[in-house]
Amino acid sequence: MNLQDALTQEFEVIKKRKAEPQEGSYTSYLFGKGIDKILKKIGEEATEVIIAAKDNKREEVIGEVCDVLFHTEVMMCELGIGWQDIADELTRRREKENMNVEKEAKRKAENRTDETVIN
């Protein structure tokens, strides 16, 4: 399964747990505790990513990144944010970056004498 499909599938399960809480479900538990608990878990998992990466423990990093993504998806769902919102913002940022690169290239091309060294 590719990343997009995996995240989409997981997000659908998370949304279902929010709409239809299930006893014994960790996701339902998080929603029941509210945004503060969800945010605390994101912070804890992010710290665990840092520690695993610092210790160069590849498999632990992978697992902890999955935990960060899961808890981030729970937060997104709680706040009414979807993956399309994230994709739209990433696209906007990429377009802005490309425009800045093009502007810089044009500026350099127009000011070629700035790079000339006279001995």
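The sulfur of C66 lies 19 Å from the closest cysteine sulfur, which belongs to C77, and that is too far for a bond. The model is a predicted one. Its disulfide count comes to zero.

**Cysteines**

- A disulfide is a covalent bond between the sulfur atoms of two cysteines.
- To count here, the two sulfur atoms must be within 2.5 Å.
- C77 is in no disulfide either, with the sulfur of C66 as its nearest cysteine sulfur.
- Are these two cysteines buried or exposed?
- C66 has 45% relative accessibility, so it counts as partly exposed.
- C77 has a relative accessible area of 11%, so it is buried.

**How helix pairs are described**

- Two packed helices are described by two values: the angle between their axes and the distance between the axes.

**Helices α1 and α2**

- Helix α1 covers residues 3-19, and helix α2 covers residues 26-33.
- Their axes come within 9 Å and cross at roughly 55 degrees.
- That makes α1 and α2 oblique to each other.
- The crossing of α1 and α2 is right-handed.
- On the α1 side, the contact is made by I14, R17 and K18.
- On the α2 side, it is made by T27, S28 and F31.
- By class, this contact of α1 with α2 has two nonpolar, two polar and two charged residues.

**Helices α2 and α3**

- What is the angle between α2 and α3?
- The two helices pack at about 120 degrees, with their axes 5 Å apart.
- α2 and α3 are therefore oblique to each other.
- From α2, the contact uses Y26, Y29, L30, F31 and K33.
- From α3, it uses I35, K37, I38 and K41.
- This contact of α2 with α3 has six nonpolar residues, three charged ones and no polar ones.

**Helices α3 and α4**

- Helix α3 spans residues 35-54, and helix α4 spans residues 58-79.
- They pack at an angle of about 160 degrees, and their axes are 8 Å apart.
- α3 passes α4 in a left-handed crossing.
- In α3, the contact residues include I35, I38, L39, I42, A46 and V49.
- In α4, they include V61, V65, V68, H71, V74 and M75.
- Charged residues take part too, among them K41, E45 and E48 of α3 and E60, E64 and D67 of α4.
- By class, the contact of α3 with α4 divides into 14 nonpolar, two polar and seven charged residues.

- L7 is found in helix α1.
- L7 has a relative accessible area of 14%, so it is buried.
- Which residues does L7 touch, leaving aside neighbours within four places in sequence?
- The partners of L7 are L69, E73 and W83.
- L7 and R17 are ten residues apart along the chain, and their C-alpha atoms are separated by 15 Å.
- S28 lies in helix α2.
- S28 counts as buried because its relative accessibility is 11%.
- Not counting residues up to four places away in sequence, S28 touches R17, P21 and Q22.

- D36 sits in helix α3.
- At 62% relative accessibility, D36 counts as exposed.
- D36 and M75 are 39 residues apart along the chain, and their C-alpha atoms are separated by 9.6 Å.
- N56 is found in the loop between α3 and α4.
- N56 has 68% relative accessibility, so it counts as exposed.
- Phi of N56 is near 55 degrees, a positive value in a residue other than glycine.

Terms used
Residues numbered from 1 in each chain as written. Predicted model: local features only at pLDDT ≥ 70, side-chain atom pairs only at ≥ 80, totals over all residues. Heavy atoms only, no water. Axes fitted to C-alpha atoms, helices over the stretch in contact; angles between N-to-C directions. Helix = DSSP H or I, 4+ residues; strand = E, 2+ residues; numbered from the N terminus. Parallel < 35°, antiparallel > 145°, perpendicular 65-115°, else oblique. Left-handed = near helix turned anticlockwise from the far one by under 90°. Contact = heavy atoms within 4.5 Å. Buried < 20%, exposed > 50% of the residue type's maximum accessible area, 1.4 Å probe, protein only.
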